[in-house]
Amino acid sequence: MSSLEVNAGAPVLVVSCSLNPASRSHTLAVAAGKALDALGAPHELLDLREWDLPICDGKACYDHPSIGPVTDKVAAAAAILIASPVYNYDLNAAVKNFVELTGQAWGEKPVGFLCAAGGERSYMSPIALANSLMFDFRCHIVPRYVYATKDDFTAARAPSAELAGRVRQLALAATELAAALRWVASRRNGRAGRGDERD
Ligand SMILES: Cc1cc2nc3c(=O)[nH]c(=O)nc-3n(C[C@H](O)[C@H](O)[C@H](O)COP(=O)(O)O)c2cc1C
């Protein structure tokens, strides 16, 4: 049975990747949780500020006591939403490190992005991580993406109504993609059960 089928009814994991205590992308992660609540979709917030994660060295880091729990959360997720700052026309180093630490647990997951940026010109910033997730782990990238700059937030740093609407659309698209992929996986398994894998 593929991981997609095993994950039926599992939570959407929202990973908040900014390490800034006054993070705007964190408010996007919280808004995504509210949107998933409204859809009746189980979800969990993983805030990287709350985890003592080592820098990936490809070896001893995997023995760190935080690695097992966070890897289990990724593996158990029906879909993953990455809420990240834009740094240097890319996502931040913390999310790249998180992916390096949790690796194969991302296999075949639907993954969506919500980004907070300083300006409008870094719109393509998630593309490098999206590509690596597709090539390394066969992730399915949600074909909708939330990009927000300071002007999209209220003075109290909350997402504007328009931005909250875009977050809701992403949450819906992620849950729909997860459901569609589970359906595909169940058909694949049905064919395998009938010894009929080529139809
Ligand atoms: C080191 C660093 C690099 C940044 N690079 C970019 C960038 O390339 N493009 C951009 O639009 N904003 C850039 N910014 C601005 C951040 O994206 C912006 O402050 C955003 O709100 C950060 O997300 P956060 O509030 O969730 O931490 C950069 C900020 C920092 C600290």
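With how many C-beta neighbours inside 10 Å does Y123 count as partly exposed? Select Y123 to begin: there are 15 such neighbours, so this residue counts as partly exposed, a class that lies between buried (20 or more other C-beta atoms within 10 Å of the residue's own) and exposed (12 or fewer), with C-beta atoms placed from the backbone. Y123 sits in the loop between β5 and α5 (127-137), and its C-alpha is 9.3 Å from that of D90, although the two are 33 residues apart in sequence.

This is a predicted model, in which local features need pLDDT of at least 70 and side-chain atom pairs count only at pLDDT 80 or more, whereas totals for chains, interfaces and linings use all residues. Residues are numbered from 1 along each chain as its sequence is written.

**The whole chain**

Zoom out and colour by secondary structure, where helices (H or I, at least four residues) and strands (E, at least two) are DSSP runs numbered from the N terminus. The chain has 6 helices and 6 strands, and from the N terminus on their order is α-β-α-β-α-β-β-α-β-α-β-α. The radius of gyration is 17 Å, close to the 16 Å of the globule rule for 199 residues, so the chain is as compact as a globular protein of that length; the radius is taken over C-alpha atoms, and the rule is 2.2 Å times the number of residues to the power 0.38. Of the 199 residues, 39% count as buried.

**Strand β3 and its partners**

Next select residues 79-87, which form strand β3; 8 of these 9 residues are buried, so the strand is largely enclosed by the rest of the structure. Two strands are said to pair if DSSP finds at least two bridges between them. Strand β1 (residues 12-16) pairs with β3 in the parallel sense over 5 bridges, and V12 stands opposite A79 there. Strand β5 (residues 110-117) is also parallel to β3, over 6 bridges, with I80 opposite V111.

Then move to strand β4 (residues 90-91), which runs antiparallel to β3 and is joined to it by 2 bridges. The two strands form a hairpin with 2 residues between them, and N88 in the turn has a positive phi of about 50°. With 9 C-beta neighbours inside 10 Å, N88 counts as exposed. Most residues other than glycine have a negative phi.

**The core**

Now show the largest nonpolar core, which has 52 residues; such a core is a set of buried Ala, Val, Leu, Ile, Met, Phe, Trp, Tyr and Cys residues joined through C-beta atoms within 7 Å. Helix α6 (residues 161-193) gives the most to this core, with 8 residues. A83 is among the residues with the most contacts inside the core, and its neighbours, not counting residues up to four places away in sequence, include V14, C17, L28, A32 and L114.

**Around the ligand**

Finish at the ligand, which 16 residues surround, the closest being S18, S25, P85, A117 and G118; a residue counts as near if its C-beta atom, placed from the backbone, lies within 6 Å. The elements that give two or more residues to this shell are α2 (24-39), β3 and β5.

Technical notes:
Two residues are in contact if their C-beta atoms, placed from the backbone, lie within 7 Å.
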